[in-house]
Amino acid sequence: MRASTLFGLATALFLGVIAVAVIRVSGVLNGEKAPPMEKVDPVMVLVAKTNIFEGTTAMITDVVVRKATPIEAERIKQNPEVYMPPSVDAADLRIAARNIGAGELIKKDHFLEQSIPEGVTGRLAPGMRSVNVVVPRDRAAGGLIRVGEYVDVTLTTTICSDPKCTTSRNATAPLAMNLKVIVKRDSLWTMMAPIPEDKPVSFILEANAYRAALIEFAKTRGTLALVPSGPAKKDRGGLASAREEELKANAFLNGEASVSDFDLQQIFRLPAPQTPEPPVAIEHYKGINFVGTSTHDQKGNNGQGGSGYAFRPPGQVQSGALFAPPSQKTDEKDCPTCNKKS
């Protein structure tokens, strides 16, 4: 026989012996099943579902968990401590340290250190106070005012010429200027979420003690609105105005002054109300016996009547109003030529 033939037979015999050994070990001849192969779980990763912007707070709806690509799985295998764990809860209420694009693999350094945001007191400048204002969207620049911006607070009210409101008019005036917004939506976190059209927006503003009390008082006298403004200028109003503002705040804090309609009279530039003339007192006698006293004003009316102005929310007073909403109908009896075709 040739050498090549012998080599082929020897090789075939060797492979046959190996095959028999493998079959015996596997237990196939004895009716046994081969052990199952070990299952390898896929690598999961946490990625941004939408764009997350620097300084805003991420929520569980902003991220998603999915299978890692082979390249991503290799990166995580090499540096597992760099990446966020594959759980949407891991990113909930975390503040972004930089912009994160949609679909981007989220790392731990994408967020600031986990902590509760600074409270209201910590956001106030020394000596300042907080005041909460809740207004509809159309009276707060469509609800687009952000934390850190500055606003003017205005009051729209109905001014009555006397407490009985025999005549009245509507007017608007600023209550406080350049107040900083320190909280929005009643939340210490900054959320990227739309504001419902039928819901008001809540803001917490920074003001001195007097202006904060004035805004609180004005809530019962009319309608408030927030108008965005630029940062406060240090020289606004001069030193005299700043000194007067400081005196008002100190007087309020020390219990030496309070906020009343008199403050609104000054803000709306109303002339000082006339002091009523002293009443006329008439003593009544029956015979020689005194039976009582009656008082009349100079015109003969009973009582002295009220003096000063009254402030009421718009819409509560109709008598004598100089301005009315466009939808208000005109009474044909008061205006014979109105609503008539020419």
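The following exercises, with worked solutions, examine selected residues and contacts of a predicted model.

In this predicted model, local features need pLDDT of at least 70 and side-chain atom pairs count only at pLDDT 80 or more, while totals for chains, interfaces and linings use all residues. Residues are numbered from 1 along each chain as its sequence is written, and side-chain values use heavy atoms, with hydrogens and water left out.

**Exercise 1. The surroundings of Asp263**

Task: Determine where Asp263 is placed, and which residues Asp263 touches.

Solution.
Step 1. Asp263 belongs to helix H6, residues 261-267. Helices (H or I, at least four residues) and strands (E, at least two) are DSSP runs, numbered from the N terminus.
Step 2. The relative accessibility of Asp263 is 10%, so Asp263 counts as buried. Buried means under 20% relative accessible area, exposed means over 50%, and partly exposed lies in between (1.4 Å probe, protein chains only).
Step 3. Leaving aside residues up to four places away in sequence, Asp263 touches Tyr210, Leu214 and Ser258; contact means heavy atoms within 4.5 Å.
Step 4. The side chains of Asp263 and Tyr210 make a polar contact at 2.7 Å. A polar contact is a pair of N or O atoms within 3.5 Å; within protein, one must be able to donate a hydrogen and the other to accept it, and residues adjacent in sequence count only if both atoms are side-chain atoms.
Step 5. A polar atom of the Asp263 side chain also lies 2.9 Å from the backbone nitrogen of Ser260.

**Exercise 2. The disulfide**

Task: State which cysteines the disulfide joins, and why the disulfide is left-handed.

Solution.
Step 1. The structure holds one disulfide, a disulfide being a pair of cysteine sulfur atoms within 2.5 Å.
Step 2. Cys160 and Cys165 are joined, with an S to S distance of 2.0 Å.
Step 3. The torsion about the S-S bond of Cys160 and Cys165 is about -60°, and therefore the disulfide is left-handed.
Step 4. Cys160 counts as buried because its relative accessibility is 0%; Cys165 counts as buried because its value is 6%.

**Exercise 3. Salt bridges**

Task: Find how many salt bridges the structure has, and which residue forms a salt bridge with Arg221.

Solution.
Step 1. A search of the whole structure gives seven salt bridges. In a salt bridge, a side-chain nitrogen of Lys or Arg is within 4 Å of a carboxyl oxygen of Asp or Glu.
Step 2. One of them joins Arg66 to Glu72, with the closest N and O atoms 3.0 Å apart. Arg66 is partly exposed at 28% relative accessible area, whereas Glu72 counts as buried at 12%.
Step 3. Arg221 forms a salt bridge with Asp261, the closest N and O atoms being 3.0 Å apart. This pair links distant parts of the chain, 40 residues apart: Arg221 is in the loop between helix H4 (209-218) and strand E9 (223-229), and Asp261 is in helix H6.

**Exercise 4. Aromatic pairs**

Task: Identify how many aromatic pairs the structure holds, and describe the pair of Phe268 and Phe311.

Solution.
Step 1. There are two aromatic pairs. Rings of Phe, Tyr and Trp (its six-membered ring) pair if their centres lie within 6.5 Å; planes under 30 degrees apart count as stacked, over 60 as edge-to-face and the rest as tilted.
Step 2. Phe268 and Phe311 form a tilted pair, 6.0 Å centre to centre with 40° between the planes. Both Phe268 and Phe311 are buried.
Step 3. Tyr285 and Phe290 form an edge-to-face pair, 5.3 Å centre to centre with 65° between the planes. Tyr285 is partly exposed at 47%, and Phe290 is partly exposed at 45%.
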